[in-house]
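Morning, everyone. I'll start with a term, then walk through the chain.

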Amino acid sequence: VWQRAILLRHLPTIEKVQESLWSYYYLQGRYAEGEVLFARAATALRLLDTGADARPAQHDLALGQVLSWQGWFQMQMGRADEALEVLHHSAIGIGA
């Protein structure tokens, strides 16, 4: 479901599934895989053309959320500098 949502850049599915994915990778201790998963989602969302089907606010929120999960995984792996940069961008995406 996640891979298809990212491929199609389907914002409602991305928003709905991301916390469950974070929980899975967190509970399994699979931080590197989780970080890659959310980094790919962020890249796909950055390429999204926010036309009539997707409101810019929804896009920005989804991007901010996936960046925050990516940053969380980076922090857990001791990559604080990278994490802080990603988390800064997530705050901008969320509108903080």
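First, the term. An axis here is a line fitted to C-alpha atoms, for helices over the stretch in contact, and the angle between two axes runs from 0 to 180 degrees between N-to-C directions. Two packed helices are described by that angle and by the distance between the axes. Keep both in mind.

One caution: this is a predicted model.

Now the overall picture. The chain has five helices and zero strands. Read along the sequence, the pattern is α-α-α-α-α. There are 96 residues, and 38% of them count as buried. Look at contacts with a separation of 6 or more: residues 24 or more positions apart account for 57% of those.

How do H2 and H3 pack? Their axes are 9 Å apart, at an angle of about 165°. Angles over 145 degrees count as roughly antiparallel, so H2 and H3 are roughly antiparallel to each other. The crossing of H2 past H3 is left-handed. Which residues make the contact? On the H2 side they include Leu11, Ile14, Trp22 and Tyr26. On the H3 side they include Tyr31, Gly34, Leu37 and Phe38.

Arg9 sits in the loop between helix H1 (2-8) and H2. Its phi is near 55°, a positive value in a residue other than glycine. Buried or exposed, or in between, for Arg9? Its relative accessible area is 29%, so Arg9 is partly exposed.

Next, the aromatics. How many aromatic pairs does a search of the whole structure find? Eleven. Take Trp22 and Trp72. They pair edge-to-face, 5.2 Å centre to centre, with 80° between the planes. Trp22 is in helix H2 (residues 11-27) and Trp72 is in helix H4 (residues 56-76), so this pair links parts of the chain 50 residues apart. Why do we call Trp22 buried? Because its relative accessible area is 16%, and buried means under 20%. Trp72 has 22%, so Trp72 is partly exposed.

Trp72 has another partner. Tyr31 and Trp72 also form an edge-to-face pair, 5.7 Å centre to centre and 90° between the planes. Tyr31 lies in helix H3 (residues 31-46) and Trp72 in helix H4, so this pair ties together parts that are 41 residues apart in sequence. Tyr31 is at 22% relative accessibility, so it counts as partly exposed.

Trp22, Tyr31 and Trp72 belong to one aromatic cluster, together with Trp2, Tyr26, Phe38, Trp69 and Phe73. Find those residues on your screen. Remember that Trp22, Tyr26, Tyr31 and Phe38 were also in the H2 and H3 contact.

Last stop: a serine. Where is Ser90? In helix H5 (residues 80-94). Its relative accessible area is 5%, so Ser90 is buried. What lies 2.7 Å from a polar atom of the Ser90 side chain? The backbone oxygen of Leu87. Now leave aside the neighbours within four places in sequence. Ser90 is then in contact with Gly64, Leu67 and Ser68.

To recap. Five helices, zero strands. H2 and H3 run roughly antiparallel. Trp72 pairs with Trp22 and with Tyr31. Ser90 is buried in H5. Over to you for questions.

Methods. Residues numbered from 1 in each chain as written. Predicted model: local features only at pLDDT ≥ 70, side-chain atom pairs only at ≥ 80, totals over all residues. Heavy atoms only, no water. Phe/Tyr/Trp six-rings, centres within 6.5 Å; stacked < 30°, edge-to-face > 60°. Helix = DSSP H or I, 4+ residues; strand = E, 2+ residues; numbered from the N terminus. Buried < 20%, exposed > 50% of the residue type's maximum accessible area, 1.4 Å probe, protein only. Polar contact = N/O pair within 3.5 Å; in protein donor to acceptor, adjacent residues only side chain to side chain. Contact = heavy atoms within 4.5 Å. Parallel < 35°, antiparallel > 145°, perpendicular 65-115°, else oblique. Left-handed = near helix turned anticlockwise from the far one by under 90°.
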